[in-house]
Amino acid sequence: MRPGLACSKEGGRPVRQADETSALLLGAFVLVTALPLSAGLTPEELRGRQIYRSGESPSGTPIVALVGTEDLELPATSLPCMSCHGRDGRGKQEGGISPSNLQWSSLTRPYSVPNASGRAHPPYTPTLVKRAITMGRDPAKQRLHVAMPRYRISMRDADDLVAYMARIGTDLDPGLTDAEITLGVLVPPTAEGNAIRETVAAWFERVNAGGGIYGRRVRLSDDREPFAIVYAQTAAGASDIEEMAATRGIPTIAPFRMGTGDTNRYLFALVAGVEEQSLALIEAAGTKVRIISDARTAGIAARLAAHSDPASRTILFLSNPDKLAALVRSGTAGTILIPAAFASDAIVSTPRATRILVAMPAAEVTRRGAAELDALTSSRAHRTPSATALAAAKLLTRALERAGREVDRETLVDILDTFQREPTELTPPVTWTSTRRVGSKECTVLRVTEGKLQKLP
């Protein structure tokens with residue numbers, strides 16, 4: 001069950017966890033802002049790397065490759081730079097063609113360099129590299145090999161691509177060395193956060209005892225930028241972590257997402273978040289809803305606009321739990337729909353005329369998963385978040401193993417994108433793709449009856 005709603009042992013009465021939620025928000029903010037700045041790529045270079053490797057602009061602006069003497073137009077995704085010049089830019093011979101070495105030290109040598117045809121040209125500059133990309137001309141204005149496409153690309157994308165080309169061959173991702181891979185666990189300094197951290201640490205102690213991952217030991221650290229974040233606890237309205245994952249290009253697994261849709265390449269949510277829970281509630285209610293939101297949930301409300309009717313007496317509540325009591329007392333709603341993160345103990349005293357439905361992520365812990373969790377932690381407290389964190393650690397370990405020794409962040413993201421109903425034994429099976437960033441969208445919808453939560457039939 002997510003922060004904001006818990007079931008006590010006394011009849012399952014909902015109890016607001018205000019102190020834990022506040023600590024979670026504060027802790028997440030402190031952890032994100034305190035994370036050391038990357039010694040790796042800048043935002044411009046990160047965007048350029050995506051263009052170089054995939055032929056796709058992070059902005060969504062199409063990039064077109066013009067091929068051959070007839071300028072045949074193809075999407076750049078079918079002919080990205082890396083397909084011929086390699087991940088390190090050195091070029092790989094294929095079909096009798098030897099692509100140029102694109103490493104910056106080679107392009108900018110301060111003397112004339114003969115090209116593949118034997119003709120010499122002066123060194124490249126950033127401007128001349130952009131001309132070669134878009135016009136197919138070297139610094140001496142000679143036409144490049146006919147196999148080299150020209151690209152129709154925006155000025156910003158060209159600038160980003162050239163910025164990354166200056167780093168090719170020296171752009172090892174932060175948190176990765178020959179002997180060690182550093183991972184982050186972003187949780188607040190609460191009892192729940194400590195339980196999560198201890199569970200994840202115990203899992204990777206086991207991994208290290210088995211030889212690590214391709215000879216690299218796994219290190220959990222808060223004092224340097226990690227290669228990836230194995231678990232980032234989020235709270236209602238906390239989008240700092242999601243923004244950090246996107247801007248710094250750090251693959252991040254979170255229990256659920258808050259601020260983004262499926263557009264954050266680097267964020268992977270395990271289970272249904274507020275948006276998925278809202279859709280489950282709307283389906284259960286069988287009608288359009290009036291949405292009460294705030295600045296934190298405005299993006300979610302906008303994505304749910306097709307289900308909205310300002311005159312409806314069925315209200316979807318996506319705001320501060322402290323405001324829920326006033327809504328319940330007002331008696332203006334026939335039905336109130338509440339994702340778990342926004343519930344409070346106000347729903348205990350609901351008027352009989354008001355129906356309240358609460359949604360939360362579906363749970364699916366097998367006996368094997370429960371035994372695995374028991375073997376890693378002796379604590380009986382905070383079992384649900386610890387189980388979710390262990391699922392994240394298992395999935396990230398699996399992805400790193402599949403990526404191989406030459407892993408980098410982009411490869412790791414690509415591997416995570418291939419997970420199809422991947423079992424964890426601790427959550428429902430997880431499916432991630434480039435257009436789906438929620439591993440399991442399954443929800444449980446509960447009705448509040450006499451102060452207790454009861455599953456809908």
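## Leucine 66 and its surroundings

Leaving aside neighbours within four places in sequence, leucine 66 touches Asp71, Leu72, Glu73, Pro149, Arg150 and Arg152, where contact means heavy atoms within 4.5 Å. This is a predicted model, in which local features need pLDDT of at least 70 and side-chain atom pairs count only at pLDDT 80 or more, while totals for chains, interfaces and linings use all residues. Residues are numbered from 1 along each chain as its sequence is written, and side-chain values use heavy atoms, with hydrogens and water left out.

You can find leucine 66 in strand β3 (residues 64-67). Is leucine 66 buried or exposed? Leucine 66 is buried, because its relative accessible area is 13% and buried means under 20% (1.4 Å probe, protein chains only). Ten residues along the chain from leucine 66 is alanine 76, and their C-alpha atoms are 8.7 Å apart.

## The whole chain

The protein chain has 14 helices and 18 strands. Both are DSSP runs numbered from the N terminus: helices are H or I with at least four residues, strands E with at least two. Of the 457 residues in the chain, 54% are buried.

## Two nonpolar cores

A nonpolar core is a set of buried Ala, Val, Leu, Ile, Met, Phe, Trp, Tyr and Cys residues joined through side-chain atoms within 4.5 Å. The largest one here has 45 residues, and Phe204, Leu412 and Trp432 have the most contacts inside it. Elements that each supply at least two residues of this core include β8 (180-186), α7 (191-209) and α13 (383-403). The largest share, eleven residues, comes from α13.

A second, separate core has 38 residues, among them Ile315, Leu324, Ile356 and Val448.

## Helices that pack together

Two packed helices are described by the angle between their axes and the distance between the axes. Axes are lines fitted to C-alpha atoms, for helices over the stretch in contact, and angles run from 0 to 180 degrees between N-to-C directions.

For α12 and α13, the angle is about 95° and the axes are 11 Å apart. These helices are therefore roughly perpendicular to each other, a label for angles of 65 to 115 degrees. Among the residues making the contact are Leu373 and Leu376 of α12 and Ala387 and Leu390 of α13.

Helices α5 (residues 126-135) and α6 (residues 155-165) have axes that come within 10 Å and cross at roughly 115°. Residues of α5 including Val129 and Ile133 meet residues of α6 including Leu161 and Val162.

How values were computed: Buried means under 20% relative accessible area, exposed over 50%, partly exposed in between (1.4 Å probe, protein chains only). Angles under 35 degrees count as roughly parallel, over 145 as roughly antiparallel, 65 to 115 as roughly perpendicular and the rest as oblique.
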